[in-house]
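Subject: Structure for your review

Dear colleague,

Please find below the structure that I am handing over to you. I would be grateful if you could read the notes after it with the model open.

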Protein chains: 2
Amino acid sequence: MQNIFDPHSVAVVGVSPNPDNLGRNIMLNLIDFGFDGIVYGVGPKGGAIATRRIYKSVLDIPDHVDLAVILIPARFVPEVMEECGQKGIRHAIIETAGFREYGEAGRKIEDQLVAVTKKYDIRFVGPNCIGVINMENGFCVPFPRLRPFIRAGEVSIISQSGGVGLAILNHMSGEGIGLNKFVSAGNMLNIDAEELLAYLIADEGTRVIFIYLESIRNGRRLMELARASTKPIMIFKSNIGQMGRSIAASHTASLSNDDRVVDTAFRQCGITRIHDVTTLSNYLKTLKLPPLKGKRLAIISRSGGHAIIAADACEQVGFELAEFPEQFIREIEKHFRASVIKLTNPLDLGDLFDLEVYYRIVDDTLKQENVDGVVFLHTSVAQTDFEMTSILVNRLGELGRTHNKPVAVYISANAEDISRLRAQTDFPVFTHVVETFRGLKLDYEHALLAEKADALEVIPEFSVDKAAVADMIKTAQSENRDLLLDEAVDVLERYGIPTVRGLKATNATEAQQAAENLGFPVAMKIIAEHISHKSDVGGVQLNLRNGRDVADAYADMIRRIRAAYPDAGIDGVLVQPMAVGGRELILGGRQDRQFGPVVLLGLGGIFVEIFEQATLRVAPISAAEARAMVEELHGAQILMGARGSKRFDIEALLDAILRISQLLVDFPQIEELDVNPLRIFHENEGCSALDARIILGRQPA
Amino acid sequence: MQNIFDPHSVAVVGVSPNPDNLGRNIMLNLIDFGFDGIVYGVGPKGGAIATRRIYKSVLDIPDHVDLAVILIPARFVPEVMEECGQKGIRHAIIETAGFREYGEAGRKIEDQLVAVTKKYDIRFVGPNCIGVINMENGFCVPFPRLRPFIRAGEVSIISQSGGVGLAILNHMSGEGIGLNKFVSAGNMLNIDAEELLAYLIADEGTRVIFIYLESIRNGRRLMELARASTKPIMIFKSNIGQMGRSIAASHTASLSNDDRVVDTAFRQCGITRIHDVTTLSNYLKTLKLPPLKGKRLAIISRSGGHAIIAADACEQVGFELAEFPEQFIREIEKHFRASVIKLTNPLDLGDLFDLEVYYRIVDDTLKQENVDGVVFLHTSVAQTDFEMTSILVNRLGELGRTHNKPVAVYISANAEDISRLRAQTDFPVFTHVVETFRGLKLDYEHALLAEKADALEVIPEFSVDKAAVADMIKTAQSENRDLLLDEAVDVLERYGIPTVRGLKATNATEAQQAAENLGFPVAMKIIAEHISHKSDVGGVQLNLRNGRDVADAYADMIRRIRAAYPDAGIDGVLVQPMAVGGRELILGGRQDRQFGPVVLLGLGGIFVEIFEQATLRVAPISAAEARAMVEELHGAQILMGARGSKRFDIEALLDAILRISQLLVDFPQIEELDVNPLRIFHENEGCSALDARIILGRQPA
């Protein structure tokens, strides 16, 4: 991989002297960015470019070549790769488009390309990409003509889309954020995003990693890499809408669409998800600041209006204004003319204009134990002295490092002055008040995440009857069906999840008998294959109070099911005692294509229907994660005993969540699992699965 | 007011030749901005500036002066205003700070200032402001030294804070948005924001009005002005946090803090509330586009990645992707090489690079009936031809106007190129994908708002027993107390709001008798002064099932209340039949200091406690507004009969809301009113106030 980012000698294939030629752009970019290796131009017509010979084939190049950069029509690519192989080139960046994404013809060329690269063991980035930039050695091979527009820095970028990647570089440049390495991954036919990520995690020059992805290939691998990384990783994952549009067959499926899984998976492994470029900029700036370890901020402002807006923003993002102790106020009072300004937080500097005094006030403020960070709002007055401001900004940065507390600097000035200032200082400058606080919020969350990542997470392992479940699943799969209601309930039992034990009945008399044995009132549920929403077709009857009700309900149920599903094989009904009291939850899970087993927990009934309250985790999950799931349920206060009401049996719920997690990990054959409702009772009274559905993945024929 | 923005002759008071002098900055700003009137410098030391004489007093100026701009130490201001009065100057802009905001000494100077301006009937802006800019005549008097940094345009600005006002001008300038008039209102001692707004609404050059406010003086007047305005008005109202911190005595008060009232008041009168500068920029850009009259957009993108991000953003803000009809696809197919690109919405232009073709595709797309607007995403390739891009952008703008549908243009390029482009075109350019869609969302909402503002709103008037309520309130006020429980219930009855009629009892035997007359079970509630949360101290007993329960409850209740409130005058208890069925709501209202009577509706019980679901309106409200209140309640689906459940009696609820509105308007003496719960029953079964509290405003002694 070293040869992709740091080659000694490069052949650019597809170069001609024509000013419209894109290969020519690549050559000129390498020259302008000051690439420290050797570059050879290759093009079928030969000629010269920038006083260098253009070779007609890589085979003509007299020296060894580490890397080929290819930008020629797709149909010629396999042939050129053959030549590269013969030449001993083992790495390539293929920028050419027109493969799989252009239909059948492209797919054939792609197959040839794969064959020849396999033959010579050539590793390559692309195709359909805009290549690589490495600011450390001036290696810059995107085909758009670029002047050195971005400063060198610590952020490295992997972008699936070249256009989006360049747009992000433009934004970074505008915000004064420096780049280390950039790679446009394109179709990822050979080297994929996960492999590039592994490289950058190990790469010395890279301190922060940003990835733009439209699809995730291997979610589990991504999570593993991120978990092991000590560098902050941010991912902008787009393509949300189309995924969400898949039709959902169960509550669990509808409440855990792929994008929600991406969200939770990223959070679980410490990846920060980004949804827009503004947030990315805030994050990249923030990571240059010391960690914000608490929520108490001091706001120091040159404009009273800005102080007010800042105080609003502070509250809005969930921070607090630190209280200034009396002694501290008397200290800073010395800097002001008497009785002119009310010394509070936010601190309005009024018409005090002395950068040295500003510096000392910020220093004094950072010394306060109850101040976790400072926001300094600087607005230009009259002929702003930008040299002075630039010095102040850099000194404020130093102060932050000295005290190991962040100082976030907001500056209001015209765009031109801001650009000049950013060119003069490496310290981040914010230009929107609310973004300044959002930036600090990211800093705070990142500090928390880093702390959490250090904590060891133990995944509990319960003793369960795995073999019995394996048998049931095997049988069902051999009969090409899902588990029946009574089987699903049995699976839960064997994994230690309490259920309402019921009795199976295959005719009205048996049902009556079962009800009498269990005691009235009872519930009756159909046991049948291929009926996904049994309550919608009358397959669930609740509160049956006597034998006659049971017999009538049985007859009615069978009749309705036969009418709705003439071909459904009916296995009978399950008669259960009615559960009394408690609250209903939904506990479920499913296999996600990218991330594997996922567990879902939601409040039941009206909450899940109207408010869509649910929370997910990629399994296996730790006890701490299970508890976090319960706590982050909007409305969980009810379970915890809010407003003096009785607390529910949270421990039993946690146990059930962790056992479901183990079940889903043990059996990837379980495509979807829905315990709906799971009824939770008051403290020490446990919980109970009232209904269960288990849908199996179709085995390949 | 004409003299404030468009004076013929101006005296700048406080000028000296010293380069640090701020009055000098004002003179130079007027010169640089090309002011088309006559300017006189005034300063005690005389001298010259920019080849003009500095007069020692306004009295020395040989000609008539329309306006004085004052920037001298506060203690000299009253004296100078006296001279201005003698000179016949009737308008001033006082930029000096150091009045009321600097304590007692400042307040005294302020009183003198008020006296002298009253004497001569001088109208003035300020003090404590940075003055006025009028781009139409080059009148520019802020004291920071400004070069003409912003283009002339149609947006006028009133800012309570000078610093924030300038920051906004900086942002507008960076985004290429033009200014018409700017005024920093400062302390608003004489001319206030409402008066300035009235002027700008009538002003010919102003097409869009933006206001930054930290406090609202006269909310009702603001609403009147906005209702009568045909120009879009945007307000950034800050100072949210401190207001929200006021301690709330009732549910209604806690759920209707001042800032929520500002929100609803603005919405009711068509003011768009802004919370950050990014949204302001989006809005100002958007208002240059034709109205977006539907939600169906077409996305046309030069980069596949941007197309995907745009599709996500489109869905995120609630828009739809228009479906392209087969015939249309065949039409645009002609512009592409065969089988290269999948022609869908979003449309990826791939490697097609022909601005003329882009233009024709956008034209064709706008012609589609099912397309309400177009988002065009332009990313720079190679040597971007900015002349060409600039022409394209302007032509796309024309296309939008021709079809009367918005074309929002996003451009990805480096900051410098974007600035150049913005300088070359008056058409708005977006640089963040998601902001492009948020901008269109604002356009869409503005079109809706404009439509709604045209609709006539009728405020219903019910026949009620106003005199009886007036008597009750008068009596209570004369006794310096709030209304008692039975009186509050009576007030509701006399305003036609159904209540659970109860019987008052003053001892256990009476209570028992009352319960027997009403029929068991009953509820019993204390009637006592000065007990704000009666259920917290045992003043409410529900579900009393027999005479003995009632007698016990009575004794218990009196004992508890005596213990909790030894000084409370207990008037007895109210015995009510228990209400069965239905759902609980909270209906209430209060007097807001800025906006007057406000009505609140919330879902009761757990919803209001955990989810804080409530909605407000400034009274009086129309039937349509009342209906909107019910509809916007999160969870209102339950009332409407969601998922096949029975619909509740919405008509009865609307009636109750409107009657409460009338009650609050009729009696500003009612400080707070809480109907909690209001129980709503199924369709045609009405609703009923189960409990009521009415708190009266304290009359001035």
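This is a predicted model: local features need pLDDT of at least 70, side-chain atom pairs count only at pLDDT 80 or more; totals for chains, interfaces and linings use all residues.

Overall form of chain A

Chain A has 701 residues, of which 48% count as buried. Its C-alpha atoms fill a box of roughly 95 × 80 × 40 Å along the principal axes. The secondary structure of chain A comprises 25 helices and 30 strands. When contacts in chain A between residues at least 6 apart in sequence are considered, 72% of them join residues at least 24 apart.

Two helix pairs

In chain A, the axes of helix H18 (residues 466-478) and helix H19 (residues 485-494) come within 9 Å and cross at roughly 160°. An angle over 145 degrees counts as roughly antiparallel, and H18(A) and H19(A) are therefore roughly antiparallel to each other. Their crossing is left-handed. On the H18(A) side, A:Ala468, A:Val469 and A:Met472 take part, and they meet A:Glu487, A:Asp490, A:Val491 and A:Arg494 of H19(A). By class, this contact has 4 nonpolar residues, no polar ones and 3 charged ones.

In chain B, helix H3 (residues 77-87) and helix H4 (residues 104-120) pack at an angle of about 5°, and their axes are 9 Å apart. Angles under 35 degrees count as roughly parallel, so H3(B) and H4(B) are roughly parallel to each other. H3(B) contributes B:Val77, B:Pro78, B:Met81, B:Glu82 and B:Gly85 to the contact, while the residues from H4(B) include B:Ile109, B:Leu113, B:Val116 and B:Tyr120. The residues of this contact divide into 7 nonpolar, 3 polar and 2 charged.

Contact between the chains

Across the interface, 54 residues of chain B are in contact with 54 residues of chain A. Several helices of chain B give two or more residues to the side that touches chain A, among them H2 (22-32), H5 (162-175), H11 (277-286), H12 (304-316) and H16 (415-424). H12(B) gives the most to this side, with 8 residues. The chain B side comprises 22 nonpolar, 24 polar and 8 charged residues.

With kind regards

Terms used
Residues are numbered from 1 along each chain as its sequence is written. Chains are lettered from A and ligands numbered from 1 in the order in which they are written. Two residues are in contact if their C-beta atoms, placed from the backbone, lie within 7 Å. Helices (H or I, at least four residues) and strands (E, at least two) are DSSP runs, numbered from the N terminus. Ala, Val, Leu, Ile, Met, Phe, Trp, Tyr, Cys and Pro count as nonpolar, Asp, Glu, Lys and Arg as charged, and the others, Gly among them, as polar. Axes are lines fitted to C-alpha atoms, for helices over the stretch in contact, and angles run from 0 to 180 degrees between N-to-C directions. Angles under 35 degrees count as roughly parallel, over 145 as roughly antiparallel, 65 to 115 as roughly perpendicular and the rest as oblique. A crossing is left-handed if the near helix is turned anticlockwise from the far one by less than a right angle, and right-handed if clockwise. A residue is buried if 20 or more other C-beta atoms lie within 10 Å of its own, exposed if 12 or fewer, and partly exposed in between; C-beta atoms are placed from the backbone.
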